[in-house]
Every structure is written in C-alpha cells, then in structure tokens.
Amino acid sequence: DWSSDVCSSDLKSFTIDDTNFRSQLESINIFWCPQLESAHITSSILTFLSIDICSALKSVTINTPKLETLRMYAYPSVPSNINLEHIALRSKRLSVLPLHKCAQLKSVSLECPQLPVLNLLSNRNLERLKLVACTALERIAVASPFIDLSDTGFWMDIARNTPRVKMLFI
C-alpha cells in the first residue's frame with residue numbers, strides 16, 4: 001500500500017502520469033499548497049485522491065480508472081475558499097463527487113459510470129457541463145444562469161450519456 005503526500009508553499013503546478021511505468025502509488029494527498037494553480041493526474045492504480053486547502057487551485061484534470069475516493073477540503077469557517085474553475089474527471093469506480101464547496105466552477109467534464117448523483121447547486125458560475133458515459137447517474141442538480149438550456153446539444157448529451165436520469169433540477 002503506497003501513498004504520497006504533496007505539500008509545498010511554492011508549488012504552482014502538479015503533474016503525475018504513471019501510465020508509462022510500473023507504479024504502486026494508490027493514494028495522493030495534496031495538502032496546503034497555497035500557490036498551486038493546476039493539477040493533472042493520470043494513474044492506472046490510484047484509488048484515493050485528497051486535495052486539501054489549496055486556495056489558488058483553478059484547474060484539475062484527473063484520469064484514474066480505479067479512483068474510488070476524491071476528497072476536497074477547505075477551511076470550515078471560509079465557505080468558498082475552494083476556487084476551482086475547471087474539472088475534468090474520468091474514473092470507472094468513483095461513486096461520490098464532492099463539488100458542493102466549489103462555488104467558482106465554470107466547466108465540469110465527467111466520465112464516471114458509477115456516479116449516481118451530481119449536485120452542482122452551489123456552482124452559480126457554471127457555463128459548461130459535459131457528461132460522457134455517466135450511465136449510473138440518476139439525479140442531476142444544476143443552478144447556473146450561464147448554462148444555455150436552449151442548446152439542444154446539452155439535452156442530447158444528457159439523454160445519450162445519462163440514460164438512468166430520473167430527476168433533473170435546474
């Protein structure tokens with residue numbers, strides 16, 4: 001069981017790609033990186049990712065088929081100190097996605113076939129939502145005036161890529 005902790009006050013970008021070598025890294029904790037602006041993670045065996053107290057983080061790209069747990073933590077006393085604007089996530093196993101504290105999100109792209117619920121009600125700046133192969137998704141909640149609901153592509157995307165949706169809150 002291997003894990004790695006990343007903690008640096010000067011780190012601006014973090015990239016890991018273990019697809020070209022044999023890695024046993026199953027867990028990554030990115031903690032207290034106040035200058036970190038982007039994180040790009042591609043891993044064939046990573047199961048746990050924690051991004052804690054990284055207030056400058058704007059963009060996250062995660063391509064980890066075995067990821068089961070994604071945790072994003074902020075100071076409890078500061079409600080919107082996760083300033084993430086863009087997230088792209090591919091995981092075959094992720095079943096919970098904690099984006100409720102990411103109020104600045106503008107773009108969400110997901111390919112998560114085990115994810116049953118997507119709650120974006122606190123994301124009032126959301127402009128783009130792309131769902132691919134989210135076949136377990138049953139509930140979607142979105143509250144952003146910036147998504148163009150007249151765009152038939154948006155509705156076709158929902159119908160084609162989320163066949164089990166029973167509740168859609170907009």
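The model is predicted, so local features are given only at pLDDT of at least 70 and side-chain atom pairs only at pLDDT 80 or more, while totals for chains, interfaces and linings use all residues. Residues are numbered from 1 along each chain as its sequence is written, and side-chain values use heavy atoms, with hydrogens and water left out.

**The whole chain**

Begin with the protein chain in a cartoon view, where there are one helix and 13 strands; helices (H or I, at least four residues) and strands (E, at least two) are DSSP runs, numbered from the N terminus. Along the sequence the pattern is β-β-β-β-β-β-β-β-β-β-β-β-α-β. If you switch to a surface, the accessible area is about 8900 Å², of which carbon and sulfur atoms hold 52%, as computed by the Shrake-Rupley method with a 1.4 Å probe, only the protein chains shown counting as cover for residues. Of the 170 residues, 41% are buried, where buried means under 20% relative accessible area, exposed over 50%, and partly exposed in between (1.4 Å probe, protein chains only).

**The open sheet**

Next, select β2, β4, β6, β8, β9 and β11, which in that order form an open sheet of six strands with parallel pairing; two strands pair if DSSP finds at least two bridges between them. At the edges are β2 (13-17) and β11, each of which pairs on one side only. Neighbouring strands of this sheet are turned by 5 degrees against each other on average, direction ignored, with axes taken as lines fitted to C-alpha atoms and angles running from 0 to 180 degrees between N-to-C directions. Within the sheet, zoom in on β6 (residues 59-63), which pairs with β8 in the parallel sense over five bridges, and pick threonine 61, whose bridge partner in β8 is alanine 88.

**The nonpolar core**

Now show the side chains of Ile30, Leu49 and Leu110, which touch the most other members of the largest nonpolar core, a set of 43 residues. Such a core consists of buried Ala, Val, Leu, Ile, Met, Phe, Trp, Tyr and Cys residues joined through side-chain atoms within 4.5 Å. Strand β3 (residues 25-31) gives the most to this core, with three residues. Centre the view on leucine 49: beyond its neighbours within four places in sequence, its contacts (heavy atoms within 4.5 Å) include Ile28, Ile30, Ile41, Ile62 and Arg71.

**The salt bridges**

Arg71 leads on to the charged pairs. The structure holds five salt bridges, each a side-chain nitrogen of Lys or Arg within 4 Å of a carboxyl oxygen of Asp or Glu. Select arginine 71 and aspartate 52, whose closest N and O atoms are 2.7 Å apart in a salt bridge. Because arginine 71 lies in strand β7 (residues 69-73) and aspartate 52 in strand β5 (residues 48-52), the pair ties together parts that are 19 residues apart in sequence. Arginine 71 is partly exposed at 39% relative accessibility, whereas aspartate 52 is buried at 7%.

Finish at glutamate 138 and arginine 164, a salt bridge whose closest N and O atoms are 3.3 Å apart. Glutamate 138 is in the loop between β11 (128-131) and β12 (139-142), and arginine 164 is in the loop between α1 (152-161) and β13 (167-169), 26 residues apart.
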